[in-house]
2 protein chains.
Amino acid sequence: MNLKEFSNFLGLSPTTVSRALSGYPEVSEKTRRKVSEAARIHGYQPNLRARALALGRSYSIGHVLSSSNGNELVNPIFGDFISGAAEAGAAKGYSINLTIADQSSEESVFRKLKAQGSVAGIILQSPKVHDQRIELLKELGLKFVVHGRSSGVSIPYSWVDVNNHRAFEQATTFLAHMGHRRIGLINGCQDFDFAHRRLNGYLRALRAARIEPHSDLQTSGDMTEANGYAAAKAMLGLESPATAFLAASVMSAIGARRAIHDSGLELPGDVSLIAYDDDLSYLSNRQSPPIFTAVRSSVREAGEKAVNLLMSQIEGKQVRNDQVLLETELVVGTSTGPRKRVG
Amino acid sequence: MNLKEFSNFLGLSPTTVSRALSGYPEVSEKTRRKVSEAARIHGYQPNLRARALALGRSYSIGHVLSSSNGNELVNPIFGDFISGAAEAGAAKGYSINLTIADQSSEESVFRKLKAQGSVAGIILQSPKVHDQRIELLKELGLKFVVHGRSSGVSIPYSWVDVNNHRAFEQATTFLAHMGHRRIGLINGCQDFDFAHRRLNGYLRALRAARIEPHSDLQTSGDMTEANGYAAAKAMLGLESPATAFLAASVMSAIGARRAIHDSGLELPGDVSLIAYDDDLSYLSNRQSPPIFTAVRSSVREAGEKAVNLLMSQIEGKQVRNDQVLLETELVVGTSTGPRKRVG
DNA sequence: AAGCCTATTCAAAGCGTTTTGAATTTCCCT
DNA sequence: AGGGAAATTCAAAACGCTTTGAATAGGCTT
């Protein structure tokens, strides 16, 4: 059933029906009621494609999932992030348009999204240090919000990020106060901006505590269980082994925990461990007390915030470069304790 | 730049340009080359919304993410599944349309997708036992493929599923052959069809091995680390404790592993553990030897297969009810061993 | 060079909305 | 009852594409 048929059936013009349904004031309350009642009963809904064409905009928010070719690593936070984003969008009638692109085709995907007009705006994920895509998106004139920031990009843009620097500085300091001086950092991939900031926060705290940083105690890589295991295992095997760890995700923390057990050590008796906790729904660390001492910030909430920012940009008149910095909370769980005195 | 401008610029009619770009035979090779060259240089791409309207179909595949209200649990397999789906879709120019709905609004979301014509077809996720949505989708005349099956639904429909029954039967038998007789099942939520089938596979193997099933040894719930821990902990505390576990996901297996260590037991010395492994990219169990003995099937592959099935249904003339049953492989890792003889 | 058939190209009519500007109705006032 | 303003309603023109049916150009044959 299309508008023409439906309005014929009602004995009204398409104009009136369209206006009645969109809530314009030029239509009498009586006919509006009649129309919306009939629409409900007969299940009439305006065709979204036609509507988008006439309106010149699509009620859809683009996400481009990047598949680093070959290595098809899906970010574990993706599910929770997108679910938050979808919910925030749904509240205003937006749905999510998901595309996938490898590094080489990403630019052309953005251009296509722009030319085809299939999205009203874009959420950019996992920015790298000096991420080229930000300038590209500005240049293309696409509206976007970045989940994260990109060090080295000087033009203004809109973002939602966690205070990663402060989070890792705080966590490192916490361990230092417990007497730990061999603190291993199991970081995410260095290319990513958030990993970069976390490293800086860690180094800053070490400096403040007058602890010499050691490259042996700093690793970075995919935030998988396996990598967490390998990194922790290596740092426990050093001549002067780590007595505490900072893991970039609960997933790597789980791997580290396995390495600790494998090495015949106890948590938190022999070794301490702090995780960065994205508060993922299927990997909850919200027991009381929490399993892992952690710096926590909900990635779902970040998804919601990012979409809300984007929508205010879409609906707003002027371009705004709103920025939201989320703080983490340090929650103390059962994985940390004072450094064990040897001998 | 739209078609009219672009064709004006080329000194050709919109008709010819449109045909040249869509590869119709009625246009000379010479002009086609000229047109596509110019399109590349000037970055012309047909507006997707207008195209969809004219063609009467959208190049988009719908996924409805269900947010069981309040409890916002995102399925951990979602990321990998959707990434496989997106990739298969992208190969044929389809993008993914993601909507979110809670249980109560799900039906109206389907109706809306149909009425608005915003998707060419739908992928239905995580079917329950006798899932109402299947009949609804048939009735609405939407094309769809189910990821999983639904026991109790008798009408024919298209699906991609793993042989869950066989997988759990095989895993249980494997443990029984190692001498285990107290085998705990840490299952997914019973409402879901896959959990139902897994339970049946487990029971069948027990029967074949002449082991009496015990309700103490069967739990079901969200496939989280926390639940895996709680379930295993309880079964290890029984008067006659479990000596082996089957976990419905690697995530619950990790929780179970923690419970085992917490109870002062060793893996696989004291207790054995088999996981169902979705082969998630960030939770890989592909080390050699694998950490967990597991029944494995890639959920990413399932995503690809489901979308391919859907697209053949969309593009094909007649409605086909293709069905794909994926088999799991049993990979032996370091988490299983013969039952420890006591005393 | 004329004639015919085929290979190209084009103008115009959709697709299902929204929206502009005009036409109609309604209502109130004198 | 008549006139004018305000409140409703409508016809027609976009939006940017595809596609049908008609028109033109091109290539052969005689």
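Let's start with the interface. In this predicted model, 49 residues of chain B are in contact with 49 residues of chain A. Which elements of chain B give two or more residues to that side? They are α4 (48-55), α5 (78-90), β2 (95-101), α6 (106-116), α10 (225-236) and α11 (250-262). α5(B) gives the most, with 8 residues. By class, the side of chain B that touches chain A has 22 nonpolar, 19 polar and 8 charged residues.

Look at β2 next. Strand β2 of chain A, residues 95-101, pairs with β2(B). The sense is antiparallel, over 3 bridges. A:Leu98 stands opposite B:Ile96.

Now the symmetry. Two copies of a chain are related by a rotation about an axis and a shift along it. Here, a rotation of 180° with 0.0 Å of shift along its axis superposes chain B on chain A, with an RMSD of 0.2 Å. The two copies are thus related as by a two-fold rotation axis. The same surface serves both: 100% of the contact residues of chain B recur in chain A.

Who meets whom? From α10(B), the residues include B:Tyr229, B:Ala232 and B:Leu236. From α11(B), they include B:Met251, B:Ile254 and B:Ala259. By class, this contact has 10 nonpolar, 4 polar and 4 charged residues.

On to the sheet in chain B. It is open, with 6 strands in the order β7-β6-β8-β9-β10-β12. The pairing is mixed. Where are the edges? β7 (218-220) and β12 (329-331) of chain B stand there, each with a single partner strand, so one side of each is left without a neighbour in the sheet. The twist averages 15° from one strand to the next.

One pair in detail. β6(B), residues 183-187, and β8(B), residues 244-247, pair in the parallel sense over 4 bridges. B:Leu185 has B:Leu246 of β8(B) as its bridge partner.

Helices pack on this sheet too. α8(B), residues 164-177, touches β6, β8, β9 (272-277), β10 (293-296) and β12 of chain B. Its direction makes about 165° with that of β9(B). α11(B) lies across β6, β8 and β9 of chain B, running at about 160° to β9(B).

Key:
Residues numbered from 1 in each chain as written. Chains lettered and ligands numbered in written order. Predicted model: local features only at pLDDT ≥ 70, side-chain atom pairs only at ≥ 80, totals over all residues. Contact = placed C-beta atoms within 7 Å. Nonpolar A, V, L, I, M, F, W, Y, C, P; charged D, E, K, R; others polar. Pairing = 2+ DSSP bridges. Least-squares fit on C-alpha atoms with pLDDT ≥ 70 in both. Axes fitted to C-alpha atoms, helices over the stretch in contact; angles between N-to-C directions.
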